[in-house]
Amino acid sequence: MSSEDDESWDEHVRVAVYRAFAAYGRQPTAPELADAAGGSLAVAKQALHRLADAHHLVLDDCEHVVLAHPFAAIPLGFSVMGAHTLWWGGCAWDSFAIPHLVPHESEVLVATRCPGCGEPHALVVGRDAPPPGGQVAHFLVPAARMWDDVLRTCGNQRLFCSESCVDGWLAETGHAKGYVMDLATLWRLAKGWYAGRLEYGYRRREPARAAEYFAEAGLHGAFWER
């Protein structure tokens, strides 16, 4: 089998990864990955690496899928509970995106803690409107640098009680302030960002299209320039 033949399985493997996370809250098993690659686990693993290079997912050193946005295989500060499935949300953005992407879960319970004071938060997030609440999201890493260290990026897209909690956390950690948004803006950002990701033929947005999407969600300034 040629390299070109191997690459023909990439989309099958990508869809298998995303659909396993969507349905079960976990990455595919080795047999499931092999099935998606015509019966060859070796071909599936090669596909995973190409998909990681193309920023469709993130692998750890053992070739396991750690992130397949908006799904995570490890805890990064958020749990997302549907009626039938429990997910790790990769970040505030991803946690709010899950009900918009998963067809059988139109409403989820997003649970997290404020990094500033430790206060627990539980928000019901659905497709129709943003959840009520005075919490804010703080994103530490600007859009142009988000894939430099994607686990650090996701681990620092968090929900805080208020902007004063953000400021206290920044003073304690020594980080420079990133971007603060209210829940309605976070919900608009998450609503359509991953549309189509569970289907064949999905394409990631080019930078110009991403900039348009950010602006439509109400996000402006140098932080969102890619």
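These legends go with close-up views of a predicted model.

**View 1. Here is the sheet, strand by strand.** Seven strands line up as an open sheet in the order β1-β2-β3-β5-β4-β6-β7, and the pairing is antiparallel. At the edges you'll find β1 (58–59) and β7 (120–126); each has a single partner strand, so one side of each is left without a neighbour in the sheet. Look at β1 and you'll see that it pairs with β2 (residues 65–68) over 2 bridges, in the antiparallel sense. Val-58 sits opposite Leu-67 in β2.

**View 2. Now for the nonpolar cores.** Nonpolar side chains tend to be buried together in soluble globular proteins. The largest nonpolar core here has 65 residues, and Phe-139 is one of those with the most contacts inside it, along with others including Trp-93, Leu-189 and Trp-224. Leaving out residues up to four places away in sequence, Phe-139 touches quite a list, including Trp-93, Met-146, Tyr-179, Leu-189 and Trp-224. There's also a second, separate core of 7 residues, with Cys-114, Val-136, Phe-160 and Val-166 among them.

View 3. Helix α6 covers residues 150–155. Is Thr-153 buried or exposed? Its relative accessibility is 4%, so Thr-153 counts as buried. Apart from neighbours within four places in sequence, Thr-153 is in contact with Val-141, Arg-145 and Met-146.

View 4. Met-81, Leu-86, Leu-109 and Val-124 make a patch of about 340 Å². Leu-86 belongs to strand β5 (residues 86–89) and is partly exposed, with a relative accessible area of 47%.

**View 5. Glu-199 and Arg-19 join up in a salt bridge.** Side chains of opposite charge can pair when their charged atoms come close. In this pair, the closest N and O atoms are 3.3 Å apart. Glu-199 is in the loop between α8 (183–191) and α9 (207–217), while Arg-19 is in helix α2 (residues 10–24), so the pair ties together parts that are 180 residues apart in sequence. Glu-199 is partly exposed at 43%, and Arg-19 is partly exposed at 38%. The structure holds 9 salt bridges.

**View 6. Finally, check out Lys-177 and Asp-167.** Their side chains meet in a salt bridge, 3.0 Å from N to O. Lys-177 lies in the loop between α7 (163–173) and β10 (179–182), and Asp-167 lies in helix α7, so the pair ties together parts 10 residues apart in sequence. Through salt bridges that share partners, Glu-163, Asp-167 and Lys-177 are joined into one network.

Key
Residues are numbered from 1 along each chain as its sequence is written. This is a predicted model: local features need pLDDT of at least 70, side-chain atom pairs count only at pLDDT 80 or more; totals for chains, interfaces and linings use all residues. Side-chain values use heavy atoms; hydrogens and water are left out. Patches are made of residues with over 30% relative accessible area and no salt bridge: like charges are joined within 9 Å, nonpolar side chains (Val, Leu, Ile, Met, Phe, Trp, Tyr) within 5 Å. Accessible areas come from the Shrake-Rupley method with a 1.4 Å probe; for residues, only the protein chains shown count as cover. A salt bridge is a side-chain nitrogen of Lys or Arg within 4 Å of a carboxyl oxygen of Asp or Glu. Helices (H or I, at least four residues) and strands (E, at least two) are DSSP runs, numbered from the N terminus. Buried means under 20% relative accessible area, exposed over 50%, partly exposed in between (1.4 Å probe, protein chains only). A nonpolar core is a set of buried Ala, Val, Leu, Ile, Met, Phe, Trp, Tyr and Cys residues joined through side-chain atoms within 4.5 Å. Contact means heavy atoms within 4.5 Å. Two strands pair if DSSP finds at least two bridges between them.
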